[in-house]
Amino acid sequence: MDIQEIIQSRYSELPEDIQDAIKSADLGSKFNSISTKNNLHIDQNGALQTETILVMLGLEPSANYIENIQKELEISRDEAITIANDVNEQILN
């Protein structure tokens, strides 16, 4: 099974509200807003989106989220915490 099949399979198992949040057209603008607020580059925005979607799909534990975005975005832990809080407020809640 390739990664696309894994993602599709997991997506179909999610509650409808999570599916709606993932496919929302508004999701991209929320990521762009968070990226602008936190001075992220385009590649960092993409990495943030990937890490967030992996958590939303349940493919990555939420307990690793801050560590993962710190590593993938190549930012400090404090910056990762700030960004994680923004994601939580604007996207996950």
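Leu-54 is partly exposed, with a relative accessible area of 23%. Here buried means under 20% relative accessible area, exposed means over 50%, and partly exposed lies in between, with a 1.4 Å probe and protein chains only. This is a predicted model: local features need pLDDT of at least 70, side-chain atom pairs count only at pLDDT 80 or more, and totals for chains, interfaces and linings use all residues. Residues are numbered from 1 along each chain as its sequence is written, and side-chain values use heavy atoms, leaving out hydrogens and water.

Leu-54 sits in helix α4, residues 42-56. Leaving aside residues up to four places away in sequence, Leu-54 touches Leu-59 and Glu-60. A contact means heavy atoms within 4.5 Å. Glu-13 is 41 residues from Leu-54 along the chain, and their C-alpha atoms are separated by 14 Å.

Now the whole chain. It has six helices and zero strands. Helices are DSSP runs of H or I with at least four residues, strands are E runs with at least two, and numbering starts at the N terminus. The radius of gyration is 13 Å, close to the 12 Å that the globule rule gives for 93 residues, so the chain is as compact as a globular protein of that length. That radius is taken over C-alpha atoms, and the rule is 2.2 Å times the number of residues to the power 0.38. The C-alpha trace spans about 35 × 25 × 20 Å along its principal axes.

Buried residues make up 32% of the 93. Of the contacts between residues at least 6 apart in sequence, 51% join residues at least 24 apart.
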